[in-house]
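Biologist: Hi, I've got a protein model open and I'd like to talk it through. Can you bring it up on your side too?

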Amino acid sequence: MADDSAGCDCGCGAPARSALLSIGARSERTTAQGRSGTHRIEQVVIPAGTFVMGDSSGDRNVADGEVPRHPVSLSTFSIDATTVTNEAFAAFIDATGYRTEAEQFGYSAVFHLAVTAPEDDILGVPPQTPWWRGVRGADWRRPGGEGSSVDELGDHPAVHVSWNDAVAYCEWAGRRLPTEAEWEYAARGGIEGAKYPWGDDEVDAGGWRANIFQGEFPTRNTEEDGWSTTAPVRTFTPNAYGLWQPVGNVWEWCADRFDASYYLSSPASDPTGPAGGDARVLRGGSYLCHISYCNRYRNSARSQNTPDSSMGNAGFRTVAL
């Protein structure tokens with residue numbers, strides 16, 4: 001099990017898997033078979049171009065490495081308009097028999113207000129982020145634990161998906177995860193230097209624009225945006241490139257390894273991240289982000305976790321090979 005220190009310590013991002021139990025467990029990895037899968041998510045073609053990557057708003061989290069700002073040139077790529085849905089992920093599971101790491105380990109991270117499981121199923125409470133619970137039986141099919149289901153959530157993002165699980169899906173579907181630079185370029189929607197995918201207006205200006213936490217984090221969510229956990233992937237308004245909810249709703253895994261100092265040496269063209277490091281990049285924030293604690297629902301915001309970690313507020317979108 002990877003070192004706990006690699007996991008995100010922000011309110012919105014779950015701790016590393018090994019922090020959820022007093023004694024960690026190991027999984028037997030399973031893999032997807034072949035590249036015959038049918039990817040069911042609409043595509044958006046992002047034109048080649050150059051943009052300035054990194055924080056321009058001053059709202060950066062210093063430890064995340066959102067600076068220095070630097071120009072990045074990218075080739076044309078095709079990316080999912082939405083995160084991968086429960087319906088699409090179920091097609092992968094049905095075709096391959098793949099078992100996610102949450103299923104193999106037998107538990108995953110659930111926000112305390114979203115737990116729908118008996119008290120006996122609470123396996124651990126991380127002391128640094130006590131609003132998270134390690135919940136027995138929580139996985140992509142049962143995002144809150146034993147008492148939950150995705151039967152009516154086919155158009156919601158698949159969650160409790162680790163980086164390794166997302167890569168397995170990609171291998172089956174003949175796709176890949178976006179690089180961190182591709183993700184940020186696509187999320188910006190062609191608006192240079194903007195704080196959010198829609199520009200610089202705040203998320204609640206003129207009506208809610210993203211699914212984040214309202215109220216007093218982490219004890220009271222007023223649900224002013226209409227959602228307590230995930231929203232359907234086509235909620236709110238897409239950005240100018242046609243991407244739905246690149247910020248808020250769920251964190252999205254990227255291909256890159258995480259290094260807070262990477263921007264100091266990142267290549268100017270088609271960067272793919274550092275060569276070493278245990279953690280992988282997450283982008284976009286989630287329904288648990290709140291201005292008072294985790295303001296990472298911004299274009300430039302970065303987070304990270306170990307590749308075997310899964311949580312109720314993280315999913316993924318993919319890019320064509």
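Biologist: Let's start with the strands: in which sense do E11 and E12 pair, and over how many bridges?
Modeller: Keep in mind that this is a predicted model. E11 and strand E12 (residues 280-283) run antiparallel to each other, and they pair over three bridges. If you want a spot to look at, Glu252 stands opposite Arg283 in E12.

Biologist: And in which sense does E11 pair with E14?
Modeller: That pairing, with strand E14 (residues 314-315), is parallel and has two bridges. Trp251 stands opposite Ala314 there, and Glu252 stands opposite Gly315.

Biologist: What holds paired strands together in general?
Modeller: Strands of a sheet pair through backbone hydrogen bonds, and they can do so in a parallel or an antiparallel way.

Biologist: OK, so what's the order of the strands in the open sheet?
Modeller: There are four strands, in the order E13-E12-E11-E14, and the pairing is mixed. The edges are strand E13 (302-305) and E14, each of which pairs on one side only.

Biologist: How many residues of E11 are buried?
Modeller: Five of the seven residues in E11 (residues 251-257) are buried, so the strand is largely enclosed by the rest of the structure.

Biologist: Let's switch to helices. How many residues of H1 are buried?
Modeller: Eight of the eleven, so H1 is also largely enclosed by the rest of the structure. The buried ones are Asn86, Ala88, Phe89, Ala90, Ala91, Phe92, Ile93 and Thr96.

Biologist: What covers those buried residues of H1?
Modeller: The cover includes H3. While you're in that area, look just after H1: Gly97 takes a positive phi of about 75°.

Biologist: Why is the pair of Phe105 and Tyr107 called edge-to-face?
Modeller: The centres of those two rings are 6.2 Å apart and the planes meet at 65°, so the pair is edge-to-face; the cut-off for that label is over 60 degrees. Phe105 is buried at 11% relative accessible area, and Tyr107 is buried at 1%.

Biologist: Which residue lies over the face of Tyr107?
Modeller: Arg17 does, at 5.2 Å from the ring centre. You'll find another case at Trp163, where Arg280 lies over the face at 3.9 Å from the ring centre.

Biologist: Now the inside. How many residues are in the largest nonpolar core?
Modeller: That core has 57 residues, and those with the most contacts inside it are Phe89, Phe92, Phe111, Trp132, Tyr169, Leu288 and Phe316. The elements giving two or more residues are H1, strand E5 (107-111), E7, H3, helix H4 (180-188), E11 and E12. H3 gives the largest share, with seven residues.

Biologist: What is Leu288 in contact with, beyond its neighbours in sequence?
Modeller: If we leave aside neighbours within four places, Leu288 is in contact with Cys12, Phe111, Trp132, Phe213, Phe217 and Asn313. There's also a second, separate core of 17 residues, with Leu74, Ala81, Ala181 and Tyr262 among them.

Biologist: Last one: is Asn299 buried or exposed?
Modeller: Asn299 has 0% relative accessibility, so it counts as buried. Its place is in the loop between E12 and E13.

Biologist: What does the side chain of Asn299 reach?
Modeller: It reaches the backbone oxygen of Ala194, at 3.1 Å.

Note on methods: Residues are numbered from 1 along each chain as its sequence is written. This is a predicted model: local features need pLDDT of at least 70, side-chain atom pairs count only at pLDDT 80 or more; totals for chains, interfaces and linings use all residues. Side-chain values use heavy atoms; hydrogens and water are left out. Rings of Phe, Tyr and Trp (its six-membered ring) pair if their centres lie within 6.5 Å; planes under 30 degrees apart count as stacked, over 60 as edge-to-face and the rest as tilted. Buried means under 20% relative accessible area, exposed over 50%, partly exposed in between (1.4 Å probe, protein chains only). A charge sits over a ring if NZ of Lys or CZ of Arg is within 6 Å of the ring centre and within 35 degrees of the ring normal. Two strands pair if DSSP finds at least two bridges between them. A nonpolar core is a set of buried Ala, Val, Leu, Ile, Met, Phe, Trp, Tyr and Cys residues joined through side-chain atoms within 4.5 Å. Contact means heavy atoms within 4.5 Å. A polar contact is a pair of N or O atoms within 3.5 Å; within protein, one must be able to donate a hydrogen and the other to accept it, and residues adjacent in sequence count only if both atoms are side-chain atoms.
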